[in-house]
Amino acid sequence: MLKFQPNYTTSLSDFEEFFIAVYVFVDDLYQQYVPDSVSTRRNANHAKTTDSEIITISLCGEIAGIDSQNAWYAFVKKNYGFLFPNLCSRTRFHRRHKALLQVMELLREKALCFFQIESDSFGIVDSFPLPICKFARAPFHRTFSSDDVSLDATYGYCASKKETYFGYKVHALITFDGVIKTFELTSASVDDRKALPDLVENQGKLVILGDKGYVSRSLKETLANEGITLLALPRSNSKEPFMSSIRKMIVKQRRKIETVFSQLNDQFHMEHVLAKSFYGLCSRLVTKIFGYNLCLLLNSMFYATAEISKIKQLIY
């Protein structure tokens, strides 16, 4: 059983040690949770680079804030080739990274059990825009066209930025500690209230804090039948306003999800999309969110030298 020992090191001196720490964690998760049908698939034992190495390199690239996968591959091969002596070719690396999408999502979910979440029965929900191109180029954009209409990029409106954009929307559920528990990717035109049931599915009993975009009597009743309490900030003209103390508490806690989104966009460049397909976009998205949670986890382990919210303090 994978578990942390009390005698682990409390510092990382350079990026090489960070590479090693990430690899050990990822490989332990991989060996424990990935089914044999994947780990022992045909020709898996003939691969030059293991799945754990592919995932480790991809995670470290997103954590380092490198947008170009080609540039990151060349950097690793030149400067850290001694850590990965059997690194496969660049094109094969990218193909395998996209093929490991479901494996990375599985490892991301399993990694959540190592967080010591104090308020596991509470969560915060919100969404942020994910434009795939400049607004002026939207009518000519064909990269994310698909036979499945539900996977197509569409026009959406971001109320916080007061702008219309073309692309997708990322819905996320986080804990009070800032850990991203689950997320959903939808077209930009999908309403937050429509995506919420899928977002909180199989999450057990929860008290969820949301903004006025989640106000819906029918949605609140539907979630209540599943043991989920939705506390959405009522609009200013609501006939059933919250008490001042409850409203202040929700506003204060919701600042945490705004901080998480800010870190994803500013430090992981979430809105800087360089993917050329929907599957590639999903692969990059899962890698970035997995990398963000991994930073929080490593910070909680190296508590003597890092604060958990300063997600890149360990490597810079």
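This is a predicted model: local features need pLDDT of at least 70, side-chain atom pairs count only at pLDDT 80 or more; totals for chains, interfaces and linings use all residues.
**Stop 1: the aromatic cluster**

Select Phe15, Phe18, Phe19, Trp72, Phe75, Tyr80, Phe82 and Phe84. Together they make up one aromatic cluster. Across the whole structure, a search finds 17 aromatic pairs. Zoom in on one of them, Phe75 with Tyr80.

Is Tyr80 buried or exposed? Tyr80 counts as buried, because its relative accessibility is 14% and the cut-off is under 20%.

**Stop 2: helix 5**

Select residues 90-99, which form helix 5. Colour Phe93, His94, Arg96 and His97, which are buried. Look down the axis. These four residues lie on the same side of helix 5, because they span an arc of only 165 degrees around it. In an α-helix, residues three or four places apart point the same way, because a turn takes 3.6 residues.

What covers the buried residues of helix 5? Show helix 3 (51-63), helix 4 (69-79), helix 6 (101-111) and helix 10 (278-301), which are among the elements that cover them.

**Stop 3: a nonpolar patch**

Go to the surface and select Met243, Ile246 and Met249. These side chains form a nonpolar patch, with about 270 Å² of accessible area together. Pick out Met249, which sits in helix 9 (residues 244-266). Met249 counts as partly exposed, because its relative accessibility is 36%.

How values were computed: Residues are numbered from 1 along each chain as its sequence is written. Side-chain values use heavy atoms; hydrogens and water are left out. Patches are made of residues with over 30% relative accessible area and no salt bridge: like charges are joined within 9 Å, nonpolar side chains (Val, Leu, Ile, Met, Phe, Trp, Tyr) within 5 Å. Accessible areas come from the Shrake-Rupley method with a 1.4 Å probe; for residues, only the protein chains shown count as cover. A salt bridge is a side-chain nitrogen of Lys or Arg within 4 Å of a carboxyl oxygen of Asp or Glu. Helices (H or I, at least four residues) and strands (E, at least two) are DSSP runs, numbered from the N terminus. Buried means under 20% relative accessible area, exposed over 50%, partly exposed in between (1.4 Å probe, protein chains only). Rings of Phe, Tyr and Trp (its six-membered ring) pair if their centres lie within 6.5 Å; planes under 30 degrees apart count as stacked, over 60 as edge-to-face and the rest as tilted. The arc is that of the directions from the helix axis to the C-beta atoms. Contact means heavy atoms within 4.5 Å.
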